[in-house]
Amino acid sequence: MTTKNPFLDAPWMPRYDAMTPELCVAALEATVPAAERAFKAAARKPEISWEGLMVRPMLALRPAFEVWGMLCHLTSVVNSEAWRAVEAAWLPRLVALGQLAAQSRAIYEGLGALLAGDALEPWQRHVAERTAQEMRLSGVGLAGAGRRAFNAAQRTLSRLSLAFSNHVLDAERETRVEVAPGEEAGIPADLLPGKGPWRLGIDFATYDAVMRHAQCPAVRERLWRARAGRAASGKGDNAPLIARILALRQRIAEILGLPDYAHLSTAQKMAGTPRAVEALLAPMAEVGRPAAKAEDAELLAFARANGHKGRLEPWDRPFWAERQSQERFGYDEETLRAYFPLERVIEGLFALIEELFGVRAERVRGPLHAWHRDVRFYRLLGAGGEPLAGLYLDPYARPGSKNGGAWMNELRGRDFETRRQLPIAVVCCNQKPPRGKAPATMSFYEVVTLFHEMGHALQATLTEVDSPLCSGITNVEWDAVEIASQFLEQFPYEPALLRRLSCHVETGKPLPKALAERVVAKRTYRAGNALVRQLLFAETDLALHARAHARRGEPAEALLRRVAKRLLPAPLHPDDHFLDAFTHIFAGGYAAGYYSYKWSETLSADIYGLFAHATAAKRRALGRRYRATLLALGGSKPAAEVFRALVGRDPDPAALLRLEGLLPDEA
């Protein structure tokens, strides 16, 4: 009896536990050449119709890209040398397949003819227009040497981006910082099993806890230098890759006749141009920098009053900020953990989702055939019990085999146009796993992060668009993708909800009301610093991808420091090499688009303002409207239209600054 290949014979819930690199290669060998042939046949003389120009070409490519999507998911959650080898070997072929589709002149010209007529429904016209624009920016108008140069640059770029990501993953897996007996004071006990010396990793959960609590400055400095220097030296040095990636992106833009990659990137987004981005960010900097400067002066005075000598180094600021915060708000983050067991937070999160959106989550027990034993699965059900979607949750850190940070990914898209399929999303986080019999607990930061990623998952799973070409987050402008996530992350800052999310692991009691209010009050603590740090990322990203940077030939590190000098209250430390691990822009989808977080956050703050002081009945009504617009419509309409359908007006650019306490509330 022949064993079926789980990459090819994939049920709605794929059998991830049966997937191997060898089976993946077999699946790619079967699907990629077939997709190439099928697409060429579909594009040879396409029918000038939605079916002929949009649906049939998609169906030709889908089997190959579904296998590739499963592979990319596995390399992000169970990374190994074997999985990497498959990804690296097949990446050029998949890039070429994407280029074949994006550069089809017959499809592009057909879309022009189709758009000139009136046969399309409004949502189809929007998707077709966006597809035509994407094809233009993917080189469909190029020929001869120009097309060859463009495609070669794209292939090299994809290879360099993969190498960049792997260098960061390797650095996090291999780097350890030793803590000797006598240096451990203040470090949370769960990070120090057995007797010392101890070797700590540099994953964010560990790093954050040590930087805020370790009393020994030398320990904090060693850990800071280890994380700040990730992928910044040796065989995994990313600095040379950064220079090559930026040069290739500039070359791609020039081949297309655009000034720079920043113009290429923003052309496909809500912003439209780099100038529009600058117009959003500049007022934020005007408010944020003086606020950050005042915050740092207060922190330095506090530290010196409590025995600190000299200036505050970057490994000192988190420690003294935690001390100042404890004095001001009366609690510390590690103590707060005991109030947020993972199970209780998930229960409270799903209760909120049911209240606001009328959607119930039901955990599936038994064999899941998932990629790791820690993964859980939920079915999302409508008010009448009807199935709407599926949701995987992978909550715990696995340094070295699982990517850092937190993310959402669509594993199945909603599709009732070509097959009966409900969506499935996965939410991946990197919190501390449980130790021994103690339950897994969450920091407040991790609670907010889980809400953020669940916001993404709701947009992916509660879509009501039946076409896979614009369901979920597909076809949503990139700078609007974060609206749903940043909207949902506002709710843990409500004292009443925060108490519902809590249940002390020993007493079973919820967070005391007064403490919940102090946790929420802390939201605006050092908000100026948080703002300018994000502006530093966004403005550096945009400037690195601008023509002026390419002409000047300035090293990326030098540009970063120049922007930091203008934005930050203190210069960056000479050994801060965070650019070398900035995977968002050098190995992810945020190149010349990191500003999207602030763009989306501004819109999400405006939307949340509708809910903030509404009655329970009004919130339910608003929640249903939110579901029917921002969650349901996917990429079937421009994001600006979706926002107006929900809010009834254009966005208020000051909404975010008010929410963060950097501008006074409107009376």
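Is R376 buried or exposed, by its relative accessibility?

Author: This is a predicted model, in which local features need pLDDT of at least 70 and side-chain atom pairs count only at pLDDT 80 or more, while totals for chains, interfaces and linings use all residues. Residues are numbered from 1 along each chain as its sequence is written, and side-chain values use heavy atoms, with hydrogens and water left out.

R376 counts as buried, because its relative accessibility is 6%; buried means under 20% relative accessible area, exposed over 50%, and partly exposed in between (1.4 Å probe, protein chains only). The side chain of R376 meets that of E343 in a salt bridge, with 2.8 Å from N to O. A salt bridge is a side-chain nitrogen of Lys or Arg within 4 Å of a carboxyl oxygen of Asp or Glu. Side chains of opposite charge can pair when their charged atoms come close. R376 lies in strand β4 (residues 376-381) and E343 in helix α14 (residues 342-357), so the pair, 33 residues apart, links distant parts of the chain; helices (H or I, at least four residues) and strands (E, at least two) are DSSP runs, numbered from the N terminus. E343, at 44% relative accessibility, counts as partly exposed.

In the bridge between E539 and R566, the closest N and O atoms are 2.5 Å apart. Here too distant parts of the chain are linked, with E539 in helix α19 (residues 527-544) and R566 in helix α21 (residues 556-567), 27 residues apart. E539 is buried at 13% relative accessibility, whereas R566 is partly exposed at 47%. Salt bridges that share partners also join D190, D208, R212, E322, E334, R337, K432 and E446 into one network. R360 and E362 form a further bridge, with their closest N and O atoms 3.7 Å apart. R360 is partly exposed, with a relative accessible area of 34%, and E362 is likewise partly exposed at 37%.

Turning to the cysteines, the structure holds 0 disulfides, a disulfide being a pair of cysteine sulfur atoms within 2.5 Å. C428 is in no disulfide, and the nearest cysteine sulfur, that of C429, is 7.6 Å away. C429 is in no disulfide either, its nearest cysteine sulfur being that of C428. C428 counts as buried at 0% relative accessibility, and C429 counts as buried at 7%.

Burial can also be followed along a helix. Helix α1 (residues 21-44) has 24 residues and reaches 34 Å from its first C-alpha to its last, close to the 34 Å expected at 1.5 Å a residue; the expected span is 1.5 Å times one less than the number of residues. Among the buried residues of α1 are C24, L28, V32 and F39. The buried residues of α1 pack against α2 (50-77), α3 (81-102) and α4 (105-116), where contact means heavy atoms within 4.5 Å.
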